[in-house]
Amino acid sequence: MLYEIIKGSKIAEPKITAIVPVYNVISYIDETIHSLLNQTLKDIEIILVDDGSTDGSFEKIISYGEKYDNICVAKEPNAGPGMARNNGLSIAKGKYISFVDSDDILPERALEIMYEAAEREQVGIVTGISVSFNNSRSWFIGGHFKKGVFKKGRKTLLQNPEMLYTLGPCNKLYRRDVVQNIRFPDSIKVAEDHPFVIEAYLKSNNIYTVDEIIYNYRAREDEGDISLSQIVTADPYASFKDIVASIKLSDVLFKQYVTNPVALQKIRIDYYDRIIATDIWPAYKGILLNGNAETQTKMFDAFRDLLDSMDFHLFNNLGVFQRLLTFETINRYTFIKEKARSSYLRALRLAYEKLDPGSFNKLLSSDFPKEVRAGEKAAKRNSVKPIYNRLVTRKLGSTISAGFEKIILANWRKLVGVSRNFYARRIAFPFYKLAKKQRKIVFLTNKHDVLSDSFKAVYDELILQKPDYQVVGYLKQPQRTISELLKMYKDIATAEYVFLDDYYRQIYGLKLRKDSEVIQLWHAAGAFKKFGFSSIGYADSNTESFERDAHQNYTKVVVSSSEIVPFYAEAFGVDEKNVLPLGVPRTDRFFNEDYKAYIKTVFEGKYPALKNKKIITYAPTFRGGPGERQQFIMNLNIRRLAEQLGDEYALILKMHPSVVRGVGIPFDLQEFAFNMSGEDINDVLINTDILITDYSSVVFDFSIMEKPVLFYAYDLESYLGERNFYYNFEEFVPGPVVRTNEEVISTIKANDFDLNKVRAFKERFFDDLDGKSAERIVKELIK
């Protein structure tokens with residue numbers, strides 16, 4: 001785009017160049033320019049680029065250029081703020097670049113604060129706190145604080161993906177060498193700044209945030225005088241097109257700059273989640289509620305194209321996109337014009353085709369499970385009739401349909417004489433077993449409400465290796481309706497393969513069909529504490545009849561090594577030939593160097609206090625029965641460890657999922673100890689240098705990385721009576737066994753660990769150390 005310099009600046013080596021695109025802002029431009037001229041930092045070059053103004057703004061900035069030597073005035077035909085900023089970049093001479101919109105205001109110390117931070121920290125980008133204002137008030141931007149965008153300190157985009165929530169170019173200071181070859185796209189006017197800022201983030205790879213207000217965004221109040229940031233409401237379809245185009249440009253940048261495939265996948269998830277929630281959703285609602293048939297059709301077709309471009313990993317991590325395409329639209333279905341409904345149905349069908357069982361379970365756990373089911377039926381039948389029926393039923397609501405449903409549920413026992421569970425298990429299930437077996441794989445778990453751990457790894461492999469199978473999942477859910485129960489038992493009764501990862505009470509005592517494979521992917525690696533039939537007779541054990549009901553259907557059990565085959569055969573009451581040492585899928589990530597590098601980067605950004613520290617993780621197992629285990633009595637003296645080990649170390653507490661209370665960290669020790677019970681245990685282990693545990697099977701996972709492990713067995717004798725072990729504990733474990741806090745501290749100080757013993761332990765309990773357990777299980781078991 002051609003531009004003309006009307007008047008150049010006379011400042012030779014400015015510290016900062018402030019670039020201001022100007023378009024029809026005669027009412028605001030004086031305030032903006034004065035806020036720049038009044039900056040406490042001197043040696044500032046101000047470039048005012050007129051973008052074809054017709055209201056006298058150009059003449060106004062000419063007058064400023066004639067009066068001030070540090071002001072440069074340029075002019076271009078109308079092409080949007082992106083092109084004006086590009087032309088300003090071509091002219092700029094400053095060591096640093098700042099973009100300022102022509103209706104906004106900078107606090108007088110803003111540029112000085114950012115400049116000093118950039119020089120002190122030697123970073124490529126400095127950001128700070130922004131506020132919005134209008135004629136009557138000012139306010140902090142809620143989304144920024146909710147996401148922690150303006151938390152002070154050094155950052156990178158990969159370590160701090162919350163920076164995706166500040167993609168405007170104007171509340172930042174850029175070192176010129178970072179952005180001098182980056183340009184705003186000239187083909188779009190909404191979200192055109194996103195690709196520019198994202199590339200600057202990625203290219204710089206070092207950002208510093210100051211905790212001071214450095215920018216004031218104006219919210220215009222005159223409906224006839226809106227800013228570009230308000231155009232989404234005014235022209236939602238134009239905005240929608242530009243946002244989709246911006247997504248495609250940004251996606252290319254992620255793939256160009258992020259070489260770690262795991263990090264690339266995660267940053268794309270974070271970006272899509274942000275752009276859909278904060279940019280697409282407002283435009284989408286505008287088109288849905290006010291659009292005509294043509295624009296609605298184009299929007300739904302664009303959604304389908306966007307969805308089609310996503311792999312199933314990406315889509316199934318975008319809950320906001322799933323909700324938008326399903327119940328959010330179904331709830332507003334009557335606003336869709338008749339001619340656009342077939343286009344929506346095509347997008348809906350693809351959405352349901354790509355949903356994994358965990359994502360579907362999440363949608364069912366929303367406030368609109370019936371709408372989600374209606375969408376599922378519509379997708380399967382390729383008909384909008386189920387959606388229409390659901391809306392009619394809902395409209396009748398309390399007068400007819402909802403009232404009848406309440407009567408049915410309230411009087412279920414009276415109407416059929418049995419409970420819902422009994423009816424589904426004892427009457428419907430045997431009937432369903434008479435049906436023909438289907439090419440279907442069912443995942444069953446009460447541990448997680450999404451696909452995770454070994455289930456997630458196996459599911460991903462099924463998608464790659466066995467795309468012709470239908471895969472369904474029944475994951476952790478508070479309560480199922482009678483129709484959901486019936487569907488679950490029908491799927492179990494007709495499945496070719498059923499995967500479990502633990503006890504699953506819903507099938508206790510049921511006889512599954514003989515020609516189905518029921519595969520137990522036990523959640524723990526190795527063999528440590530006794531469980532199942534092996535634990536009968538100890539304090540924390542079940543009865544023999546309970547264990548028989550729980551395990552009677554298993555046809556295959558997957559374990560980590562040949563050595564432990566007899567133990568699992570005994571624990572589950574199965575023949576040893578059906579216990580297969582194929583590996584533990586959730587441990588595959590320990591062999592993935594890209595994944596480990598990414599997780600270490602994430603932890604550095606999330607927990608900066610851990611940087612350059614030796615990380616000790618305390619990961620004990622639970623004690624006692626179901627009632628006792630929720631409360632954990634901390635016998636590790638955190639304060640004593642902090643006093644004795646000093647600043648060289650940091651401590652992570654990672655409690656067993658059964659433990660919900662009893663873990664507290666004193667306020668004055670919160671720079672030393674961190675409760676990460678909510679973090680994924682494997683991610684914590686990757687960032688751990690020394691593990692302290694007791695009787696937990698986590699030692700098997702940790703041994704893969706051949707790092708020191710210490711066994712704090714202060715209650716060994718009582719635990720032997722509670723559970724006992726398959727091996728002699730003190731001879732078996734691959735690290736020192738200690739009984740007191742002083743022994744814990746002295747062992748760590750003396751570095752009294754034998755890594756050869758850890759290595760031998762690893763090789764003993766993992767037959768295949770290749771990170772391909774999930775691949776092997778699918779290849780060997782799904783014939």
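User: What makes strand E21 and strand E22 a pair?
Analyst: Two strands pair if DSSP finds at least two bridges between them. Strand E21 (residues 709-712) is joined to E22 by two bridges, and the strands run parallel. Within this pair, Phe 711 stands opposite Val 737 of E22. The model is predicted, so local features need pLDDT of at least 70 and side-chain atom pairs count only at pLDDT 80 or more, while totals for chains, interfaces and linings use all residues. Residues are numbered from 1 along each chain as its sequence is written, and side-chain values use heavy atoms, with hydrogens and water left out.

User: To which sheet do these strands belong, and why are E19 and E22 placed at its edges?
Analyst: Strands here are DSSP runs of E with at least two residues, and helices are runs of H or I with at least four, numbered from the N terminus. The sheet is open, has six strands in the order E19-E18-E17-E20-E21-E22, and its pairing is parallel. Strand E19 (673-675) and strand E22 (737-738) each have a single partner strand, so one side of each is left without a neighbour in the sheet.

User: Which helix lies across strands of this sheet, and at what angle to E21 does it run?
Analyst: Helix H31 (residues 741-750) lies across E17, E18, E20, E21 and E22, at about 170 degrees to E21. Axes are lines fitted to C-alpha atoms, for helices over the stretch in contact (heavy atoms within 4.5 Å). Angles run from 0 to 180 degrees between N-to-C directions.

User: Why is Thr 326 called buried?
Analyst: Buried means under 20% relative accessible area, exposed over 50%, and partly exposed in between (1.4 Å probe, protein chains only). Thr 326 has 1% relative accessibility and therefore counts as buried. This residue is found in helix H13 (residues 319-330) and touches Tyr 344, Leu 348, Tyr 352 and Leu 363, leaving aside residues up to four places away in sequence.

User: What makes H13 as a whole largely enclosed, and how does its length compare with the expected span?
Analyst: Nine of its twelve residues are buried, so H13 is largely enclosed by the rest of the structure. Among the buried residues are Phe 321, Gln 322, Leu 324 and Phe 327. H13 reaches 16 Å from its first C-alpha to its last, close to the 16 Å expected; the expected span is 1.5 Å times one less than the number of residues.

User: Why are H10 and H13 called roughly parallel, and H10 and H25 oblique?
Analyst: Angles under 35 degrees count as roughly parallel, over 145 as roughly antiparallel, 65 to 115 as roughly perpendicular and the rest as oblique. The axes of H10 and H13 come within 9 Å and cross at roughly 30 degrees, and the two helices are therefore roughly parallel. Residues of H10 including Ile 276 and Tyr 284 take part in the contact, with Phe 321 and Leu 324 among those of H13. H10 and helix H25 (residues 593-606) pack at about 55 degrees, with axes 7 Å apart. That angle makes H10 oblique to H25. Here Pro 261, Val 262, Ala 263 and Lys 266 of H10 meet Asp 594, Tyr 595 and Tyr 598 of H25.

User: How many residues does the largest nonpolar core have, and what qualifies a residue for such a core?
Analyst: A nonpolar core is a set of buried Ala, Val, Leu, Ile, Met, Phe, Trp, Tyr and Cys residues joined through side-chain atoms within 4.5 Å. The largest has 207 residues, and those with the most contacts inside it are Phe 240, Phe 303, Phe 321 and Tyr 568. Helix H10 (residues 261-290) gives the largest share, 15 residues. A second, separate core of 27 residues includes Ile 638 and Phe 753.
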